[in-house]
Amino acid sequence: MKRRLFIASSALAALAPVGARAQVADLNDAINKAGRQRMLSQRASKAYLALVQKVEPRSAQQVLDRSVALFERQLGELKAFAPTPTLRATYDGLDGAWRAFRTELADAAPGRDAAARVVALDAAVLALAHQGTAQYEAASGRPVGRLVNIAGRQRMLSQRMAKCYLAAAMQIDPAGSTAEIAKARTEFLAALELLRNAPEATAQIRQELVLADAQWMFFNRGLQRLDGAGASPALMSDVFVSSENLLAIMDRVTGLYAEIKT
């Protein structure tokens with residue numbers, strides 16, 4: 001248990017600086033941050049479900065608190081940077097969806113019914129965050145913008161799969177959650193290949209993707225052992241921690257793609 005907590009804390013520390021820049025630097029940075037909002041919607045839900053089930057409670061509370069704080073900071077940055085009325089409208093809509101979601105996340109006595117509402121509300125936040133990311137990518141109009149978007153989406157998929165695992169363990173739409181894991185798994189693996197084989201991929205990016213392959217093996221092994229309400233606390237802990245580790249790697253990959261200016 002101590003080792004798992006140490007790994008989770010390391011992953012949290014690795015993610016801490018990524019949103020530290022006080023404003024959006026350029027369109028690649030906007031795509032990166034907009035895409036990170038997608039991930040944070042799923043990560044916050046994952047952390048909430050973990051808290052309800054007493055899975056890695058200390059790390060889960062840190063994940064939830066940091067996810068909420070980072071989402072709100074980046075939301076302000078992306079709204080301020082939005083170069084078109086269409087983008088500003090998207091982020092106004094996201095602001096409203098986020099407020100409803102955040103209110104539910106702040107429930108002082110989380111339980112299964114509240115968890116089901118959280119899962120339902122994160123869908124609207126995810127959809128609008130994805131819309132904003134696509135709009136920023138279109139504004140960029142450069143091939144690397146698409147790669148930043150794809151790499152960033154891997155972060156979201158890692159958190160979505162873990163969230164769905166924890167939801168299925170609580171019997172929150174277990175059939176739908178299991179189907180979503182299968183869909184996300186296929187999309188995640190296909191995107192890994194695309195990112196690895198992209199002409200823009202540097203040696204450092206490929207090295208990080210090797211690490212992602214190794215972490216994926218641990219994460220996927222946990223996902224494959226899902227057994228509905230019979231999922232054990234140890235298995236849920238393994239999925240929670242490995243999703244954090246995979247997220248940290250994919251966040252670095254996204255940042256490396258965002259640094260490419262050609």
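1. Let's start with a charged pair: Arg-252 and Glu-208 form a salt bridge, with their closest N and O atoms 3.0 Å apart. A salt bridge here is a side-chain nitrogen of Lys or Arg within 4 Å of a carboxyl oxygen of Asp or Glu. Arg-252 sits in helix 9 and Glu-208 in helix 8, so this pair ties together parts that are 44 residues apart in sequence. Helices (H or I, at least four residues) are DSSP runs, numbered from the N terminus.

2. Before going on, some ground rules: this is a predicted model, where local features need pLDDT of at least 70 and side-chain atom pairs count only at pLDDT 80 or more, while totals for chains, interfaces and linings use all residues. Residues are numbered from 1 along each chain as its sequence is written, and side-chain values use heavy atoms, leaving out hydrogens and water.

3. Now look at Arg-155 and Asp-251, whose side chains meet in a salt bridge at 2.7 Å, N to O. Arg-155 belongs to helix 6 (residues 143-169) and Asp-251 to helix 9 (residues 233-258), so parts that are 96 residues apart in sequence get tied together. Both Arg-155 and Asp-251 are buried.

4. Another pair to find is Asp-213 with Arg-196, a salt bridge with the closest N and O atoms 2.9 Å apart. This one links distant parts of the chain, 17 residues apart: Asp-213 is in helix 8 (residues 203-224) and Arg-196 in helix 7 (residues 174-197). Asp-213 is partly exposed at 27% relative accessibility, while Arg-196 is buried, with a relative accessible area of 19%.

5. How many salt bridges does a search of the whole structure find? The search gives 19.

6. Val-55 is buried, with a relative accessible area of 3%. Which residues does Val-55 touch, not counting those up to four places away in sequence? They are Ala-50, Ala-60, Met-236, Ser-237 and Phe-240, where contact means heavy atoms within 4.5 Å. Take Ser-237: Val-55 and Ser-237 are 182 residues apart in sequence, yet 5.7 Å apart in space, C-alpha to C-alpha.

How values were computed. Helix = DSSP H or I, 4+ residues; strand = E, 2+ residues; numbered from the N terminus. Buried < 20%, exposed > 50% of the residue type's maximum accessible area, 1.4 Å probe, protein only.
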